Amino acid sequence: MPLKLSLRPGEKFVVNGAVVQNGDRRAALVLQNKASVLREKDIMQQDEADTPAKRIYFPIMLMYLDETGRDKAYSEFAARLAEFMGVVRDPAILSECIGVSKEVMAGEYYRALMRCRKLISYEAERLGLRDVDQSVPARSHAG
């Protein structure tokens, strides 16, 4: 099933590990085959993984984008998820954690990333952070 990306001028995205940037006009791209794609808003730099939920998101992102480093990223993911689940008491969030884990185990890394956003939002609410949106903080550059 083709994936259509509608891109803003200058928007960056990653396709199979390569950082690509759109030109100075809106554009639409259609990917005809399966590829690992992340838009700029979904890319997290390592130093932005500064909370427990973001430390779960980051290794999932690495597993999605870098097939060769999956074993190392998986170990990090498993440790961070276990820590997070060890302190969370909300049954709905624990269920989301289990869902994230199942999706990672099934190799559905993009779905796991999108589900992990719920953990990030929950954490932000618990920490009293305001104006939290569903996007992952991204720097002005991707990759």
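This is a predicted model: local features need pLDDT of at least 70, side-chain atom pairs count only at pLDDT 80 or more; totals for chains, interfaces and linings use all residues.
Local features require pLDDT of at least 70 and side-chain atom pairs count only at pLDDT 80 or more, whereas totals for chains, interfaces and linings use all residues. Residues are numbered from 1 along each chain as its sequence is written, and side-chain values use heavy atoms, without hydrogens and water.

Helices (H or I, at least four residues) and strands (E, at least two) are DSSP runs, numbered from the N terminus. Strand β2 covers residues 12-15. Lys12 and Val14 point one way from β2, Phe13 and Val15 point the other way, and all are buried (under 20% relative accessible area with a 1.4 Å probe, protein chains only). Strands pair if DSSP finds at least two bridges between them. Four bridges join β2 to the antiparallel strand β3, residues 18-21, where Gln21 is the bridge partner of Lys12. Two residues lie between the strands of this hairpin, in which Asn16 takes a positive phi near 50°. Strand β5, residues 37-39, also pairs with β2 in the antiparallel sense, over three bridges; here Leu38 is the bridge partner of Val14.

The axes of helix α1 (residues 52-65) and helix α2 (residues 70-87) come within 8 Å and cross at roughly 160°, with axes fitted to C-alpha atoms over the stretch in contact and angles running from 0 to 180 degrees between N-to-C directions. The helices are therefore roughly antiparallel (over 145 degrees). Their contact (heavy atoms within 4.5 Å) involves residues including Ile56 and Ile60 of α1 and Phe77 and Phe84 of α2.

Terms used: Angles under 35 degrees count as roughly parallel, over 145 as roughly antiparallel, 65 to 115 as roughly perpendicular and the rest as oblique. Buried means under 20% relative accessible area, exposed over 50%, partly exposed in between (1.4 Å probe, protein chains only).
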